[in-house]
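Here's a look at how two parts of one chain meet. Have the structure open as you read along.

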2 protein chains.
Amino acid sequence: MARTQGSHSGTTGPRVRDAALRLFARHGYAAVSMRRIAQEVGVQAGALYNYTPDKQSLLFDLMRGHMEDLLAAWADRSPESDPMAALEAFTRFHIRYHSQRPDAVFVAYMELRNLAPENFAVIERLRREYEEELVAILRRGVAVGAMEAPEPKVAAMAVIGMLTGVNTWFRAGGRLDLDDVESIYWDLVRKAVAG
Amino acid sequence: MARTQGSHSGTTGPRVRDAALRLFARHGYAAVSMRRIAQEVGVQAGALYNYTPDKQSLLFDLMRGHMEDLLAAWADRSPESDPMAALEAFTRFHIRYHSQRPDAVFVAYMELRNLAPENFAVIERLRREYEEELVAILRRGVAVGAMEAPEPKVAAMAVIGMLTGVNTWFRAGGRLDLDDVESIYWDLVRKAVAG
């Protein structure tokens, strides 16, 4: 257990979120108390409430932060005008971004069930926004005759499911590194929506 | 809450498993007590132990049962000698089987973290066995020149991730029925591994 220390540091907020993410990913939201999170951070339980009003807010902040960071990281890239180049960029970006954040991705999928309805609606909107980035790429590809995807929304969900699945099996240090995995998946994605 | 009733019935075992699956899927394994499962079934907490030695055994039985039923259902089908026909059969089978058991699929993925190491090893072996069914189809397709998949194991994980992802978005009663979804995914899978 971390030692108990003062909670006046400006770094306590991020440490609360890190600890909560780790514990939610390991044990599940419903099984983790605020007291347990405080122990992990090394502050008194009461001090946690300087950083978050309650456990639901903490979960919501983590999930919203994950989606907002994802959208910002994608928006930060120079856009590709060619739809195939954009699809390759999305494929490689999605695999790399998600494989580097396994806990956040796990919690983002598993704990949707524990969001209050108004929080669920916000997260759903952000997910939809991210999915629509891929849908738009597919629609552009179809429009210029470079791709064939009669149901772009379904194809987008299929591609995202495929790419996020890397987290369930990929481990660094194996025969294939992440570059190899990105290239193999890109080959599959490219062919799946080829015209 | 279900009424408390006698636990002598031969149907109590399945009812214990159904209740545990429902509660684990809703709240997570770590947050659900044996007492809570007993309440849901409508038996005294002590009576549960006629059916399972402990909560870990219950989780393991659910996950092993899910994988064994899946393997048996796949083995029950008439095998397709043509690799493309076999791949189509696998695609449609996987989507339909998993979409009909959302709780079991959710628990099978989410609660791997809560399996004791020796139980985890058994479940991993069963998952590997199922994945190898698809790998074998891809290898046969490549061997006869009908498919191109330089890394059949990675391609199998990609296809399974794509297909299982249907559970995250498909809802019956929408614009597309499950037959439509199967056909759209089959088109994507077929093209992804086309020669």
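Across the interface of domain 1 of chain A and domain 2 of chain A, the rule finds zero salt bridges (a salt bridge being a side-chain nitrogen of Lys or Arg within 4 Å of a carboxyl oxygen of Asp or Glu). Keep in mind that this is a predicted model, where local features need pLDDT of at least 70, side-chain atom pairs count only at pLDDT 80 or more, and totals for chains, interfaces and linings use all residues. Side-chain values use heavy atoms, with hydrogens and water left out, and residues are numbered from 1 along each chain as its sequence is written.

So who's who? The bounds below come from an automatic or database domain assignment.

| Domain of chain A | Residues |
|---|---|
| domain 1 | 12–52 |
| domain 2 | 56–192 |

Their C-alpha centres lie 28 Å apart. In terms of contact (heavy atoms within 4.5 Å), 13 residues of domain 1 of chain A meet eleven residues of domain 2 of chain A.

How big is the area buried between domain 1 of chain A and domain 2 of chain A? It's about 1100 Å², and carbon and sulfur atoms give 76% of that. Buried area here is the accessible area (1.4 Å probe) that two parts lose on being put together, summed over both. On the domain 1 side of chain A, A:Leu21, A:Ala25 and A:Tyr29 lose the most area to domain 2 of chain A, together making up 51% of what that side buries.

Terms used:
Chains are lettered from A and ligands numbered from 1 in the order in which they are written.
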